[in-house]
Amino acid sequence: MTQQPFRPGEASGDRAVAVGHNQGIVSTGDGAVIDNRTVRLPAEAVRGPAEVAAPPGLNNLPAPRSGVFVGREEDLARLDAATRAEADAEAGATSSAAVPVVVHGLGGMGKSTLALHYAHRHRDRYNPIWWIPAESAGTIGLGLAALAAHLNPYADLTAASGAEAAAWATTWLQAHDGWLLVFDDAAAPGDLAPLLGSLTTGRHLITSRRATGWHHLARPVALDTLTPDAALDLLMRITHSTDDDGAPELEEVAAELGHLPLALEQAAAYIQHTALTPAAYLARLRRHPARMFATSADAASAGAASADASSAGADAAQQRTIARIWQLTLGAIGARDPLAVEILRTAAWFGPDDVPRDLAEALDDDPIAVDEALALLHAYSMITLTPRTFAVHRLVQAVARTPDPADPHRAADAIAGARHRAAELLAAALPEDPLFNVAGWPRWRELLPHIEAYAALTEPTAPDQDDEAIDRVLFEASAFVLGEGRTDRAIAFAERSVSASERLRGPDHPRTLNSRSYLASACRSAGDLDRATPLHERNLADCERVLGPDHADTLASRSNLAHLYALAGDLDRAAPLHERNLADYERTLGADHPHTLASRANLATVHRSAGDLDRALPLLRRNLADHERILGPDHPETLTARSNLAYAYELAGDPDRAVPLHERVLADRERVLGAAHPHTELARDLLTRARAARP
């Protein structure tokens with residue numbers, strides 16, 4: 001064998017280095033320092049990331065924590081369509097730069113569970129599939145370093161740090177396709193932005209409570225609560241219920257928990273663990289909400305699943321209570337903007353849907369500060385925001401108004417203050433004159449669900465805490481719902497207003513007398529004359545004694561009593577009261593005042609009921625003309641005046657004059673009040689009867 005001459009600058013053998021002249025140590029990458037000794041590594045240890053193939057079926061997916069997975073097939077299909085969308089657009093391509101997908105929603109919605117089931121379902125489509133906790137940039141780096149260690153067994157030896165291992169994994173991902181990374185519980189879009197921009201050959205699936213901030217990074221897929229049927233199915237499967245007779249109780253549990261998967265699974269686990277009936281669980285939840293939100297998780301960790309899967313183990317599972325995950329979220333929100341937390345605490349006393357934004361805007365003098373606070377709550381999926389309203393999940397509300405000394409955001413004083421502010425906001429938002437201010441009725445209908453919610457949430461627990469603000473709300477709401485024909489709610493609101501006003505002002509205060517008058521009128525409208533009669537009689541006597549015979553409230557009280565007597569068929573007592581009232585109204589308020597018009601209509605009605613149409617018809621015709629002139633042709637009181645005249649013509653045997661008036665009343669009420677309003681239904685019945693009376 002002929003020896004070749006050595007030439008400076010050329011490598012002389014395997015793993016040799018061509019460096020020319022050198023007086024130091026040259027590293028070839030063949031060695032690693034282990035226990036202070038340099039060890040030569042095999043050749044495959046120093047291959048570049050592009051040369052390393054992933055082992056078949058490589059994944060680190062945790063097993064689903066529960067075998068029960070229901071109601072999410074449509075969401076899985078949406079997720080599948082979103083991850084395939086870019087590939088479908090590039091038909092025939094072996095790989096594509098797919099836009100990442102982010103599944104976002106409220107904590108406890110089941111985002112991680114959905115992502116986990118998607119990943120398990122498609123293990124044959126992707127390789128590797130790697131689950132990375134994404135709470136921070138640090139946990140993302142650790143997840144990538146762990147991937148590097150599984151792709152390259154020598155990564156721990158060749159990388160000087162976890163950052164180098166993560167960089168190695170990133171380079172590997174850039175050089176290969178067909179992989180899926182699942183970034184679970186991403187806290188901030190910015191933590192993922194650098195990585196997502198550099199990795200375009202595989203697929204990214206992200207779960208996050210953050211609803212905003214993804215528009216340049218990922219395609220959003222919003223996750224909602226389960227349907228009522230799916231929620232019931234989930235409860236029945238976990239509790240092993242086979243008796244359909246128990247389904248209504250479980251449906252009630254599901255509704256109370258707002259069909260939120262995490263809450264449902266923990267409730268089912270508690271029911272199963274303690275062998276309670278669903279009704280008993282529901283009673284405990286309503287009486288001891290703070291304890292039940294916590295103890296349900298203990299039962300869940302003993303044998304059932306949490307809705308949002310993670311790889312953190314049993315200790316983390318015990319922390320995945322509804323209160324705990326939202327406490328952490330509120331901590332992050334409160335650190336950035338305390339006003340946002342105050343808005344959420346206050347909104348906990350309203351209805352869950354369609355809360356007018358202006359109620360929140362009244363909490364601060366700076367509208368931009370409120371905009372930013374609402375946007376922050378929306379970004380963390382604690383509310384759903386629209387240009388005019390926002391919505392809060394009913395279970396978020398329940399937790400937010402439940403005191404818990406372990407939660408700094410739910411101190412008893414803070415919650416009581418939020419309840420008081422909610423009442424003040426409703427009182428300040430009320431339109432004037434609920435009976436006659438037609439322009440304000442749409443606003444009343446917008447506010448009424450939130451008045452109803454406040455009343456329902458506070459009445460069973462502490463009605464003695466009603467202050468002047470909520471007393472005013474309930475007093476005026478009683479008048480409005482009475483005009484809407486909802487006598488049951490009118491009675492309930494008025495009863496509570498009477499109780500509050502007597503406690504706050506005394507039994508003889510004018511405001512208390514007004515509340516008692518509304519209660520009597522509501523009972524009268526409900527047909528309970530036995531209860532209404534002594535209330536009206538007492539109220540007239542009290543008004544005459546306290547306010548005097550000519551006071552407007554005294555006249556209104558006398559009119560109400562006269563109307564009651566007429567309903568009871570005691571026209572001999574009703575007519576003199578109405579005649580006196582009409583004279584007093586004309587003398588004190590004038591002939592054109594709305595109360596005078598109403599008094600004239602009442603007197604005409606008594607004459608009509610007595611069969612004296614010769615006296616009734618002239619009063620009714622004048623009354624209609626005055627209503628049209630003073631209140632306008634579309635005012636509800638004008639429509640009533642027209643209806644009264646039509647009915648009188650019908651009683652007088654003149655259907656040719658009655659029917660056209662009835663037809664106009666029906667058309668106008670359908671347009672002004674709506675087809676389903678009780679007054680519209682009455683107009684429809686009167687028209688049908690008038691037409692039938694025609695020869």
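How many nonpolar, polar and charged residues does the lining of the largest cavity have? By class there are eight nonpolar, two polar and two charged residues, where Ala, Val, Leu, Ile, Met, Phe, Trp, Tyr, Cys and Pro count as nonpolar, Asp, Glu, Lys and Arg as charged, and the others, Gly among them, as polar.

The model is a predicted one, in which local features need pLDDT of at least 70 and side-chain atom pairs count only at pLDDT 80 or more, while totals for chains, interfaces and linings use all residues. Residues are numbered from 1 along each chain as its sequence is written, and side-chain values use heavy atoms, with hydrogens and water left out.

The protein chain has 30 helices and ten strands, these being DSSP runs numbered from the N terminus, with at least four residues of H or I for a helix and at least two of E for a strand. Of its 695 residues, 49% are buried, a word that stands for under 20% relative accessible area, with exposed for over 50% and partly exposed in between (1.4 Å probe, protein chains only). Among the contacts in the chain with a separation of 6 or more, 67% join residues 24 or more positions apart, a contact being heavy atoms within 4.5 Å.

Empty space comes next. Rolling a probe the size of a water molecule over the atoms shows where such space is left. On a 1 Å grid over the protein atoms alone, a cavity is a set of points where a 1.4 Å probe fits but cannot get out, whereas a pocket is an open set with protein on both sides within 12 Å along at least five of seven lines, and lining residues have an atom within 4 Å of a point. Grid points are joined across faces, edges and corners, and a volume is the space filled by probe spheres set on the points.

The structure holds seven cavities of 30 Å³ or more, and in the largest cavity there is about 110 Å³ of space. Twelve residues line this largest cavity, and Phe-69, Arg-72, Thr-113, Pro-261 and Glu-265 are those that lie nearest its centre; helix H2 (111-121) and helix H9 (261-274) each supply at least two residues of the lining.

The second largest pocket has a volume of about 830 Å³. Its lining consists of 32 residues, with Arg-286, Ala-398, Arg-401, Thr-402 and Leu-457 nearest the centre. The elements giving two or more residues to this lining are helices H10 (278-287), H11 (289-303), H17 (394-400), H18 (412-429) and H19 (441-458), and the largest share, five residues, comes from H19. By class, the lining of the second largest pocket divides into 19 nonpolar, six polar and seven charged residues.

At its start, a side-chain oxygen of Asp-366 reaches to within 3.0 Å of the backbone nitrogen of Ile-368. Buried in H16 are Ala-369, Val-370, Ala-373, Leu-374, Leu-376, Leu-377 and Ala-379, and what covers them includes helices H13 (322-336), H14 (338-347) and H15 (357-361), together with strands E9 (384-385) and E10 (389-391). H16 is followed by Ser-381, whose phi is positive, near 65 degrees.

Most residues other than glycine have a negative phi, and most peptide bonds are trans. Asp-185, in the loop between strand E5 (180-184) and helix H6 (189-198), has a positive phi of about 60 degrees although it is not a glycine, and Asp-185 is partly exposed, with a relative accessible area of 21%. Asp-354, in the loop between H14 and strand E8 (355-356), also has a positive phi, near 55 degrees. The peptide bond from Asn-127 to Pro-128 is cis, with omega near -5 degrees, and Pro-128 is found in the loop between H2 and strand E4 (129-133).

Two buried residues close the account. Ser-208, in strand E6 (residues 203-208), has a relative accessible area of 0%. Leaving aside neighbours within four places in sequence, Ser-208 is in contact with residues including Val-102, His-104, Lys-111 and Trp-214.

Definitions and conventions
Polar contact = N/O pair within 3.5 Å; in protein donor to acceptor, adjacent residues only side chain to side chain.
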